[in-house]
Amino acid sequence: IGDTMPFADGDEMHIFYLNDQRSGTIGFHPWNKISTADFANFNDIGEVLPVVHNEYDRDLALGTGSVIKKDDVYYAFYTAHNGNIEPKEVIRIATSTDINANGWEKSREFMLNPPKGYELNDFRDPYVLFNEAEGRYWMLLTARKDNHGVILYMKSDDLLNWADPQILYRNETNRSNMECPTLIQYNDYWYLSYSEQEPNRIVKYLVSDNPEGPFNSFDINYFDGAGFYAGRIEKFRGKLYIIGWTPSKANGVDNGSIDWAGNLVAHGLRQGANGQLFTVPIPERSGSFANQKGMGSFHLPFAGYQYKTMEPLKERMILKGKMKYDADSDGYFGFGFHNAGAENNINVVFDINKNQIRFYSCPLKEAKIPESKVAFALKQHAEIDFELVMDDSVFVLYVNDEIALTARNYNGIQKSWSVFSNDCKLSGENFTILY
């Protein structure tokens, strides 16, 4: 699964996505679709928008877009990508009266080109919404101007004729592209989200009380670490969700190079009183497990590196529990996978001194730069509640209903694992697995 394009319609969340077939054919990335009512059970619809296997066709490759409904017709705005043609990216439309149809009708008349003054080879990821206060449609686009990433927006009364674009937001932190933008209103706030292409490849968001800004940022302005990309926000049954993908790795090994695309990951979002968004588990997932098993409690003393070996992981499970620690310590604690001892091949580290949760796909003695990390105020707490969702090689760690860390753990299934501490008192309570 590549870039996702969630669209809530009635009692179902329809998740369109770029199908990274990795088949080596001339054309690539058709749109496929799955749907779900609870994020625990999914219905695979299959391909809905094909590519054209002709090296000079506009639809040689399809890029990210979005779906919107108007007068019982579904409109799919998509990026048509072809590096053999200039400009290599334009915006097109396909329509259908059946959202589950396997063949949407592409319009040969509609096409948006990069506007004058913008770079020709970065013009993609249309996101279309209906602004109820204005009574008009808006389209957001990823673009570049003056060697900076920008998010454009333009307006329309009918989805077919669009006014000249304006800059909604210019990347103020670096020059990189802001991919897969979303603009959505929830209660009193407007949220602008995007995936920052470099340097860390994370999904960020900004907030405003006006859809045209100005937009402000919280200190923690992201949902997850570098293991989650191309997330799009969608509202479903009165709640917010963000849906993206976690990358696979070459040859399916932990030290393999990081691929583009991988597996679907969906998070719930919780809104704070000041408008800040927090990443939380989706509760329906817990209800999808038939079995539950308590794993008891444990204590690790303040005495260098200590660990407790736990029973083997199951292929699909949720681990919940509480960990109490010495917040005045400058040590760390965490989870170790594969060897369940002092030389774990995969490590999740809660670094008290640095107020970070970090992921390493290597033994700690080799750890230098984490593969992924998120900020979390460990010094301000003395205990945390966590939920670790595991599905084959994908795992997502949720902490205190505030933040998530998504990563890969290849070859860890049916192997023991451990909870460890280093120069830090640690106790675990109410560890429970659902399977």
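In strand β3, the side chains of Trp31, Lys33 and Ser35 point one way and those of Asn32, Ile34 and Thr36 the other way, and all of these residues are buried, where buried denotes under 20% relative accessible area, exposed over 50% and partly exposed in between, with a 1.4 Å probe and protein chains only. In a regular strand the side chains alternate between the two faces of the sheet. The model is predicted, so that local features need pLDDT of at least 70 and side-chain atom pairs count only at pLDDT 80 or more, whereas totals for chains, interfaces and linings use all residues. Residues are numbered from 1 along each chain as its sequence is written, and side-chain values use heavy atoms, with hydrogens and water left out.

Because 6 of the 6 residues of β3 (residues 31-36) are buried, this strand is largely enclosed by the rest of the structure. Strands are DSSP runs of E of at least two residues and helices runs of H or I of at least four, numbered from the N terminus, and two strands pair if DSSP finds at least two bridges between them. Strand β2 (residues 12-18) runs antiparallel to β3 and is joined to it by 6 bridges, with serine 35 of β3 as the bridge partner of histidine 14. Strand β4 (residues 42-49) also pairs with β3 in the antiparallel sense, over 6 bridges, and here aspartate 44 of β4 is the bridge partner of isoleucine 34. The hairpin of β3 and β4 has 5 residues between the strands, and phenylalanine 39 takes a positive phi near 65° in it.

The protein contains 1 helix and 31 strands, and buried residues make up 58% of its 435 residues.
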